[in-house]
Amino acid sequence: MEMLELRSKALRDLEEEAIYVLREARGQFERPAILFSGGKDSIVLTHIAKRAFAPGPLPFPLLHVDTGHNFPETLAFRDRFAAEMGADLVVRRVQDTLDGGRAREETGPRASRNSLQSVTLMDAIRELSLDAAVGGARRDEEKARAKERFFSLRSGSGAWEPEAQRPEFGRHFDGAPPFEGHCRVFPLSNWTELDIWAYIEDREIELPNLYFAHEREVFLRDGVLLARTPFSEPDQTELPAIRRVRFRTVGDATCTGAMASEARSISEVIAELRRSRLSERAGRGDDRRSDAAMEDRKRQGYF
Amino acid sequence: MERIVRIAAAGSVDDGKSTLIGRLLLETGSLFDDQLSEIDVASARRGRNGRDLAFATDGLREERERNITLDAAYRHLQIGARRFLLADAPGHAEYTQNMVTAASTADLLIVLVDASRETALQTHRHLAIAAWLQKPVLLAVNKMDLVGYDREVFERVAPSLIAFGKRLGCPEVEAVPISAFHGDNVTEPSPAMPWYEGPPLLEQLANSPFPGKAAEAREPTLPVQNVFSHEGLTVVTGTLQGGALAVGNRLGSATVARLWVAGEEVEVAQPGQPVAAGLESANAVARGDWLSLYYILSGRFLATVFWMHPDPLRLFMRYQLRIGPRVVNATVRRIANLIELQSGCRHTATTVAANELAELEIELDEEVPLALYGQDPDLGSFILVDPKGATVAAGTIDRILPKRFKSAFGAPVFWLTGLSGAGKSSIAEAAVEQLRASGIEAAHLDGDTLRSGLCSDLGFSAVDRLENIRRTAEVAKLIAEQGRPVICSLISPLVAHREQARRILGPTYHEVFIKCELDECVRRDPKGLYARALAGKIPQFTGIGAPYEPPIAPDLVLDTESLDLDECVDRLATFVRGEVAQ
């Protein structure tokens with residue numbers, strides 16, 4: 001097999017750190033799982049996990065919380081990716097949570113199932129008796145995440161308590177969960193969006209084509225360019241148009257904004273990101289609800 | 001691109017850390033437009049006069065409402081070709097554990113001081129923590145605008161803090177006068193402070209050498225994180241420390257058959273790389289083991305410990321001590337000193353409470369390899385975890401304490417008996433080497449060596465043989481009484497010989513039978529002695545012209561016909577370690 005080299009020392013260090021954290025997650029917990037969204041961060045995370053345990057198999061199942069509002073490309077990619085990784089894929093659906101009466105759907109044109117994912121996620125964690133959920137979140141994404149530890153505890157209700165985080169000292173991680181709680185583990189904490197892309201380029205990682213420029217029918221809502229899908233229809237004032245776009249983050253179609261882009265390859269995406277004056281989450285409708293939107297969702301058990 | 005340099009900004013509350021970091025982020029173009037507009041909206045909503053840069057890192061609702069930093073925020077920034085990961089550490093005394101969290105992974109601490117006020121106690125605390133963790137410090141004397149950019153103020157504040165830091169043992173302390181609010185001496189030299197000749201803060205960060213972890217040429221060590229099997233091999237994972245490791249090398253007691261770095265199969269791995277090593281004929285290996293011969297085995301050490309939990313230290317309570325993947329039960333036997341953070345003074349104490357630094361004597365339930373923080377910050381540091389799982393303290397190992405011996409008579413003596421050619425000397429020599437690598441300095445008394453010097457007047461008559469044993473045992477006793485274990489390798493053919501040694505050495509005597517049949521010894525005949533004895537040239541040669549009586553009840557038997565040399569050495573060294581340990 002051809003050797004794939006990481007070109008920068010910074011990236012090699014970040015990969016080592018991620019591998020160390022993943023190996024600690026496997027070593028410290030009985031039943032850890034990777035939270036897999038089908039986005040680039042969880043794809044990179046899964047690739048690194050595979051490398052961390054080579055030549056053995058991937059020792060984590062992939063847990064996907066499906067809002068039912070995903071892009072079909074994401075779901076197709078997810079199933080193929082899990083098969084290629086030899087991963088055990090576990091899908092839990094927000095729709096089932098709604099049908100079971102465990103949550104109520106938001107209504108109105110701005111309705112999103114994004115925050116409902118927390119309920120489905122917590123149900124899945126309990127159902128599968130997970131003691132750790134490993135995620136691809138990064139500190140550079142958002143100001144509340146900038147504060148989060150590598151091993152981040154959640155109470156029995158799944159809540160993050162930022163004012164009472166367990167201290168961390170060097171690389172000695174204490175993952176003992178609180179009573180009835182669990183631990184979230186973030187191996188990519190110190191990566192930036194550009195690090196993720198540089199890694200994808202160096203390691204030749206395949207991504208869903210949503211990340212690259214393509215023609216799509218979109219419309220503008222609250223400054224965010226949304227794709228027209230059965231779950232996100234424009235109202236009378238929002239005029240849809242075919243545009244050349246790509247997605248910078250991939251999540252629920254109702255709140256994931258597209259951006260006008262001509263970048264069709266990894267290197268073109270990297271060049272585009274270097275020029276960008278907007279952060280990755282500028283295109284996320286879910287973060288725009290208030291200035292502590294992410295913190296509030298995390299307090300309720302969000303990823 | 002070079003490595004990412006990690007910086008933590010500390011200092012007392014309201015000295016302007018978050019503002020400085022906000023300004024660094026702003027002036028290096030590290031804030032995106034939407035983040036800036038979010039900061040502007042938040043500033044306006046909270047009635048700020050203009051843009052409050054502290055909101056760039058104070059991202060929690062409570063932080064913004066109370067105008068404080070609760071926990072460290074990590075932000076990326078780039079200056080020239082160098083990348084930084086900057087942690088904004090909280091200044092309040094009650095959140096000092098979060099400052100320690102941020103400082104523990106930093107290459108440099110920026111400690112902010114408010115030039116317009118009396119130096120706060122918290123500033124001294126943070127300098128003391130920098131000294132404890134051996135982090136270089138850049139003192140940013142802030143709010144110079146509030147004191148009219150007065151040189152005298154800077155020269156009153158900076159030298160005493162530099163002296164304080166140095167006295168406590170900070171490796172480096174430098175100072176720069178700044179105004180984070182107006183940007184003086186942050187990115188550009190300040191026109192308001194022409195008297196300051198040093199570089200502005202950003203330039204200092206961009207140009208300081210940050211060597212990272214020094215590469216020491218040592219034995220490779222693998223702290224094992226996971227263990228699994230693959231195609232008949234025992235695969236162990238971990239980040240390699242100390243030295244390079246190659247296929248074919250020995251790691252602990254096994255041989256490396258295959259090697260992977262981050263999933264790619266390789267022939268050689270370098271220290272700092274995440275490896276998986278496929279081991280052949282590995283004995284029981286478990287997560288938390290260190291595969292190496294380098295480290296000192298001990299169960300007792302002195303450490304400097306920062307207490308992080310509201311429940312104070314309880315002497316003799318059982319805590320879990322964690323060094324990376326290793327978990328071992330530990331008790332604190334003694335509070336040697338409490339280190340007053342404001343002054344650096346040491347005094348005695350009966351307890352250690354949250355946010356206090358102390359020197360403690362810690363005892364482990366078992367002996368494990370240990371490293372000193374000064375030599376190896378990763379392997380020489382640890383956390384203490386209480387029975388509820390809470391991280392209660394963080395510590396650094398200062399000194400590994402000598403072992404205590406089981407016997408009141410001194411260190412143990414191991415008496416290796418067996419036929420010539422059985423392998424006594426080879427096993428003893430290699431065991432001494434292996435023990436030295438694990439911190440036990442054993443002495444070796446070899447029959448041939450003694451006969452060429454101390455006993456050169458003796459022959460092989462019954463009387464002379466007994467005298468040879470007596471002298472050897474007496475020398476061994478002298479050495480053992482001074483605390484060094486001794487391995488004696490001499491034929492000592494008769495039960496009576498060994499009983500004499502036992503009488504002299506008392507309970508420190510341990511008999512080890514190096515077992516090998518005469519036929520095999522004759523076949524090996526490494527020195528050609530059997531050939532000469534069989535030809536009648538050496539009379540009274542043991543096994544040929546003189547009898548050998550096997551031991552009746554030896555403490556250890558090493559059969560060199562069924563075990564290879566390495567296995568015999570491992571077993572002897574393990575036996576010695578077990579007897580040396582308390």
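In this briefing, a residue is called buried if its relative accessible area is under 20%, exposed if over 50%, and partly exposed in between (1.4 Å probe, protein chains only). Arg216(A), for instance, counts as buried at 13% relative accessibility.

What you're looking at is a predicted model, so local features need pLDDT of at least 70 and side-chain atom pairs count only at pLDDT 80 or more, while totals for chains, interfaces and linings use all residues. Residues are numbered from 1 along each chain as its sequence is written, chains are lettered from A and ligands numbered from 1 in the order in which they are written, and side-chain values use heavy atoms, with hydrogens and water left out.

- The size of an interface is often given as the accessible area lost when the parts come together.
- Here, chain B and chain A bury about 5,400 Å² between them, and 51% of that is on carbon and sulfur atoms; buried area is the accessible area (1.4 Å probe) that two parts lose on being put together, summed over both.
- Chain B puts 76 residues into the contact and chain A puts in 61, where contact means heavy atoms within 4.5 Å.
- The rule finds seven salt bridges across this interface; a salt bridge is a side-chain nitrogen of Lys or Arg within 4 Å of a carboxyl oxygen of Asp or Glu.
- Glu17(A) and Arg6(B) form a salt bridge through their side chains, at 3.0 Å from N to O.
- On the side of chain B that touches chain A, helix α2 (residues 33–45) of chain B gives the largest share, with six residues. Helices (H or I, at least four residues) and strands (E, at least two) are DSSP runs, numbered from the N terminus.

**Salt bridges elsewhere**

- Side chains of opposite charge can pair when their charged atoms come close.
- Over all chains, the structure holds 63 salt bridges.
- One of them links the side chains of Glu73(A) and Arg216(A), at 2.9 Å from N to O. Glu73(A) lies in helix α3 (residues 72–85) of chain A and Arg216(A) in strand β7 (residues 214–221) of chain A, so this pair ties together parts that are 143 residues apart in sequence.
- Glu73(A) is partly exposed, at 27% relative accessibility.
- Arg113(A) and Glu105(A) also meet in a salt bridge, at 2.4 Å from N to O. Arg113(A) is buried, with a relative accessible area of 6%, whereas Glu105(A) is partly exposed at 34%.
- In chain B, Arg524(B) and Glu520(B) pair up at 3.0 Å, N to O. Both sit in helix α12 (residues 518–524) of chain B, four residues apart, or about one turn of the helix.
- A network of salt bridges links Glu15(A), Arg51(A), Arg203(A) and Glu264(B).

**A covered helix in chain B**

- Helix α1 (residues 17–27) of chain B has nine of its eleven residues buried, so it is largely enclosed by the rest of the structure.
- Among the buried ones are Leu20(B), Ile21(B) and Leu24(B).
- The cover over the buried residues of α1(B) includes β1 (5–11), β2 (73–79), β3 (82–88), β4 (108–114) and α7 (201–207) of chain B.
- After α1(B) comes Gly29(B), with a positive phi near 70 degrees.

**Strands in chain B**

- Strand β17 (residues 296–307) of chain B is mostly covered, with eleven of its twelve residues buried.
- β17(B) pairs with strand β21 (residues 357–370) of chain B in the antiparallel sense, over ten bridges; two strands pair if DSSP finds at least two bridges between them.
- Arg300(B) stands opposite Glu363(B) in β21(B).
- β17(B) is also joined to strand β23 (residues 391–400) of chain B by seven bridges, again antiparallel. Leu302(B) has Arg399(B) in β23(B) as its bridge partner.

- Most residues other than glycine have a negative phi, and most peptide bonds are trans.
- Ala54(A) and Pro55(A) are joined by a cis peptide bond, with omega about 10 degrees.
- Tyr149(B) is not a glycine, but its phi is positive, near 55 degrees.
- Asn355(B) has a positive phi too, about 65 degrees, and counts as buried at 17% relative accessibility.
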